[in-house]
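Please examine how the side chains in the following structure pack against one another.

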Amino acid sequence: MSFGVATWLCGASQSQAAPGLNVLCGVDEAWCLTMKQAFEARTGVEIVMERKSTGEILDQIRAEKSRPTIDVWWGGTGDTHLQAATEDLLQPYQPAHAREMLPWAQNFFSMSGGRSAGIYAGALGFAYNADLLKRYKLPAPTCWKDLTDIAYRGHIQSGNPNSSGTAFTELATLVQLFGEDEAFRYMSALDRNIARYTKAGSAPVKAAARGETLIGISFMHDAVTQKQAGSPLVIVAPCEGTGYEIGAVSIIKGASNLEAARDFVDFSLSPEGQATGAAAGQNQVPSNARADLPPSAPDISMIKMVDYDFATFGSPDERSRLLKRFDTEIHPTQ
């Protein structure tokens, strides 16, 4: 990330007035910056926005429960927002654009008890670097189980589900596809081919795009963004089927800047606010039925999807149990 972007994301300079809103951002840095600038231009409210991985955001909100410093959590996988809602860390709010939301977003809002709203959706998959595949003379993977082939030893990156919402979606997806015990046997076999577990979920496909690894497991829209930038990625929707995320926005319970936080949520769900994703080169499917679909967004209606159980995998107990088993059996390292 450039110095200029880092400066925008970490906050205003000392010469600026005190901010009107504090936001933790769980999407790509480019979208964080674009959203910050668009909201400030529209409202005149200054934002301090910091980008973190989803698991890190949840940990911070928990740690600050008695005295929150954050007003809004914007972006990141919905199951962690649901977990925060279950733990009474979020403030209920009825957004201005609720009736314009697509059915999956309306269902998510209801599931959260009106504490979190879906802003985008995206399917999980993986991508490989076609130049490296040719150089190594390896077969092209098309399925999850292909990734356990010894031919890919040391050639795969994946996120760490303890910090990455993307990687927890991967873990939950595999459990739903194969059953829990078979999923953990699969992940143990896959682990032998993993070169690195990353903190951020988009990092694996970014590494594949740069030629630092052959295969990255991430959301498909993150791979599309890298491909649009000119990288030789081939994007794969696994043959067995896959899971998906609903990215969400939530107001933190006890937020100091409640009115500005509500305005931010309303803007996030408006067609104008959701258009900031495409403007930042992102390719998620927006939740507002009136918002334009980014031209290169993966058509999730054409992808074989699991019936993702957000209620179960957004449960604090289930999440904690699966992460404990993952750490015990897989021993991930960053």
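In the largest nonpolar core, which has 41 residues, the members touching the most others are Trp144, Leu147, Ile156, Leu171, Tyr186, Met187 and Ile215. A nonpolar core is a set of buried Ala, Val, Leu, Ile, Met, Phe, Trp, Tyr and Cys residues joined through side-chain atoms within 4.5 Å; buried means under 20% relative accessible area, with a 1.4 Å probe and protein chains only. Helix α7 (residues 165-178) supplies the largest share of this core, six residues; helices are DSSP runs of H or I with at least four residues, strands are runs of E with at least two, and both are numbered from the N terminus. Apart from this core lies another, of 28 residues, including Phe39 and Phe264.

This is a predicted model, in which local features need pLDDT of at least 70 and side-chain atom pairs count only at pLDDT 80 or more, whereas totals for chains, interfaces and linings use all residues. Residues are numbered from 1 along each chain as its sequence is written, and side-chain values use heavy atoms, leaving out hydrogens and water.

Rings of Phe, Tyr and Trp (its six-membered ring) pair if their centres lie within 6.5 Å; planes under 30 degrees apart count as stacked, over 60 as edge-to-face and the rest as tilted. The count by this rule is 13 aromatic pairs. Tyr244 and Phe310 make an edge-to-face pair, 5.3 Å centre to centre with 75° between the planes. This pair links distant parts of the chain, for Tyr244 belongs to strand β10 (residues 244-252) and Phe310 to helix α13 (residues 310-313), 66 residues apart. Tyr244 counts as buried because its relative accessibility is 18%, and Phe310 does so because its value is 6%.

Methods:
Buried means under 20% relative accessible area, exposed over 50%, partly exposed in between (1.4 Å probe, protein chains only).
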